[in-house]
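Q: Can you walk me through this one? I'd like to start with the ligand and then look at the cavities.

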Amino acid sequence: MTDFLERISEPKDLRLLSLEELTQLAGEVRLRILEVLSVNGGHLASNLGSVELTIALHYAFSSPSDAFIFDVSHQTYTHKLLTGRNDERFDRIRQYKGLSGFAHPKESPHDHFFAGHAGTALSLALGMAQARDLMQEETHILPIIGDATLTCGLSLEALNNIRKELKRFVVVLNDNAMSISHNVGGVTNILSRLISNPTTSRWMHELDRLALKIPHYGAFFSKQGHKLKESIKNLVSSAPFFEQFGLSYIGPIDGHDLKKMIPLFLALRDLPMPVIVHLYTKKGYGMEQAEKDPIAYHGAKPFDLLTCEFLPSKSKKATFPKIFGQQMVKMAAEDPSLVVITPAMSLGSCLDPMRAKFPDRCLDVGIAEGHAVTFAGGIGKKRTCKVICSIYATFLQRALDNLFQDICLQEIPVVFAIDRAGIATGDGATHHGIYDIGFLKTMPGLVICQPRDGHLLKELLAAAFAWNQPVAIRYPNMETLEPDLPIQKRPLGKGEELASGDDLLIIALGHMCEQALQIREELLEKGISATVIDPIFLKPLDTELLGKCLLKHQRIVTLEEHSLQGGLGSVINHFLMVHGFTNVQVLNVGIPERFYDQGSYSQLLKEMDMDKERILQRILSHFTFHPQPVEKK
Ligand SMILES: Cc1ncc(C[n+]2csc(CCOP(=O)(O)OP(=O)(O)O)c2C)c(N)n1
């Protein structure tokens with residue numbers, strides 16, 4: 001088999017290949033993606049589904065002067081392979097110093113924006129088109145969006161802003177009828193009503209069937225030929241929806257058929273109006289298991305290339321999100337007033353078991369974080385229902401104003417289960433959940449807490465509604481201990497002393513307590529004894545516990561997996577300043593202010609100067625100790 005992929009160093013090389021060769025190239029691209037992702041894991045199903053459409057677009061248009069703007073950009077692997085990145089960096093996609101799993105402008109001029117949060121492509125593309133027209137340039141702008149993108153309010157705002165006279169603006173809608181999980185809501189119905197019919201003849205047959213169902217007139221309509229069929233088609237197709245927004249609609253077209261797509265895209269060059277090309281694709285296309293189970297293969301774990309089965313995970317320990325999911329099922333069974341909301345992250349947030357058991361009380365609202373938060377405010381308003389809004393830290397950033405105005409200002413006791421609070425490892429800069437404390441702490445009346453283990457997570461979830469005010473419980477996607485202990489009633493604003501010492505006070509947040517205790521052990525070997533406290537609550541702070549510790553300690557370390565700007569360290573520094581503790585020395589250990597790409601947890605901690613060894617060195621060089629000699633055993 002000739003290796004066509006090797007011959008593509010830039011997109012224009014595609015034009016040297018025949019249709020047959022391009023078809024073979026699609027197979028090679030798919031194999032390359034499969035080989036690398038079987039080792040690294042990643043967004044497999046979305047990438048397998050977008051191979052042909054990406055080849056066809058690069059064949060017909062001229063990237064990078066024609067700008068391809070991928071929404072979310074988790075489906076850019078083919079684009080990366082065709083734009084000069086098919087080298088060893090692709091082997092290390094989503095790994096430290098390898099390629100990003102998303103669009104990354106520092107990697108290539110073919111990537112115009114960092115992306116990772118859904119719904120931005122149309123707005124970014126419209127903005128680029130505006131600048132292009134003002135500068136009288138002749139390039140094309142191509143936002144490439146998924147069907148779930150249309151569940152984002154931001155996308156609808158952008159659609160509403162499209163000018164009818166916009167030229168060379170081609171929206172490519174990659175419709176696989178799936179978000180990560182099954183898509184939800186009315187917008188998706190607009191797309192999916194007839195798309196399930198893969199060929200035009202079946203499409204027409206369906207129209208006939210629908211026409212025949214019209215009482216009294218069905219048979220008549222069915223006989224009236226093509227014109228009437230067209231008008232009925234308009235009643236059920238997606239065209240009128242998009243045409244209301246000034247977009248000329250083309251489709252639906254098989255998004256795996258290069259023969260159809262290439263001439264179509266070539267014909268769309270230099271169009272004097274904005275168009276939307278509706279492609280239907282199959283998520284996971286070309287890999288039987290992924291086609292059958294696109295949800296599991298959306299964010300695939302490493303798998304066996306021959307059997308396509310996922311490799312068994314090394315650890316069987318529980319994680320914070322899993323414990324959260326189990327707890328939701330339990331709490332929902334005990335309390336019929338409990339409602340949980342997820343903005344399209346049911347799988348990642350481990351809510352699928354609750355959705356299966358209590359579908360009326362575990363609600364996926366689509367990729368709509370702002371709505372999820374405000375909707376929670378509506379449900380919680382009368383206090384007849386207890387609402388938990390489950391949301392990833394990074395995506396909560398979308399809903400800041402909703403949190404402020406529709407929850408905190410109204411004093412509605414919604415509980416926010418803030419998942420993925422911490423370093424996002426393979427996903428990188430767009431996904432790190434390391435800024436939320438910074439904006440949450442400015443919200444009057446909002447309780448902010450973080451459990452150090454799974455048991456404490458259960459206790460906080462069980463106690464939160466008793467505090468009768470909005471509560472944010474943040475936790476990472478990390479393994480944790482889940483000791484089988486009775487659930488105690490957690491008092492609001494009470495921290496815990498985990499170990500006592502004389503020379504140093506370490507205040508550690510959440511899972512960082514474990515690291516603090518390990519550091520304490522190492523310091524002990526050097527004759528330095530540290531107190532370790534877990535504040536549990538960032539707001540309200542346990543001022544009594546802090547005050548007590550400060551009677552004894554003048555050296556303080558704060559330790560957190562959050563940006564140093566606005567996290568635990570800044571909360572403690574503020575406390576010290578306001579209460580006149582001016583004679584203390586403080587070392588804030590947290591994430592320094594810059595953007596971080598992807599990597600393993602330990603690699604990123606190292607880069608952030610936060611691995612255990614480095615923290616120990618930093619403590620020893622920051623403070624002057626007078627260690628007591630350690631007795632040798
Ligand atoms: C604001 C935001 N919320 C949630 C996500 C998580 N997320 C990543 S991909 C995805 C589904 C995207 O579906 P679609 O756009 O249809 O593309 P597909 O993967 O089906 O090709 C979601 C919900 C996100 N990236 N951004």
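A: First a term: a polar contact is a pair of N or O atoms within 3.5 Å. Also keep in mind that this is a predicted model.

Q: OK, which atom of Ala148 lies 3.0 Å from an oxygen atom of the ligand?
A: A backbone N or O atom of Ala148.

Q: And what about side chains, say Asp147 and Thr149?
A: Asp147 has a polar side-chain atom 3.2 Å from an oxygen atom of the ligand. For Thr149, an N or O atom of the side chain is 3.5 Å from a ligand oxygen.

Q: How much of the ligand's accessible area does the protein cover?
A: The protein covers 98% of the 580 Å² that the ligand has on its own.

Q: Which residues come nearest to the ligand?
A: Ser46, His74, Gly116, Ala118 and Glu369, out of 22 residues around the ligand. That shell divides into nine nonpolar, nine polar and four charged residues.

Q: Where does the ligand lie relative to the domains?
A: Between domain 1 (4-181 + 237-288) and domain 2 (320-474), because both give residues to the shell around the ligand.

Q: Which element gives the most to its lining?
A: Strand S1 (67-70), with three residues.

How values were computed. Residues are numbered from 1 along each chain as its sequence is written. This is a predicted model: local features need pLDDT of at least 70, side-chain atom pairs count only at pLDDT 80 or more; totals for chains, interfaces and linings use all residues. Side-chain values use heavy atoms; hydrogens and water are left out. A residue is near a molecule or strand if one of its heavy atoms lies within 4 Å of it. A polar contact is a pair of N or O atoms within 3.5 Å; within protein, one must be able to donate a hydrogen and the other to accept it, and residues adjacent in sequence count only if both atoms are side-chain atoms. Accessible areas come from the Shrake-Rupley method with a 1.4 Å probe; for residues, only the protein chains shown count as cover. Ala, Val, Leu, Ile, Met, Phe, Trp, Tyr, Cys and Pro count as nonpolar, Asp, Glu, Lys and Arg as charged, and the others, Gly among them, as polar. Domain bounds come from an automatic or database domain assignment. Helices (H or I, at least four residues) and strands (E, at least two) are DSSP runs, numbered from the N terminus.
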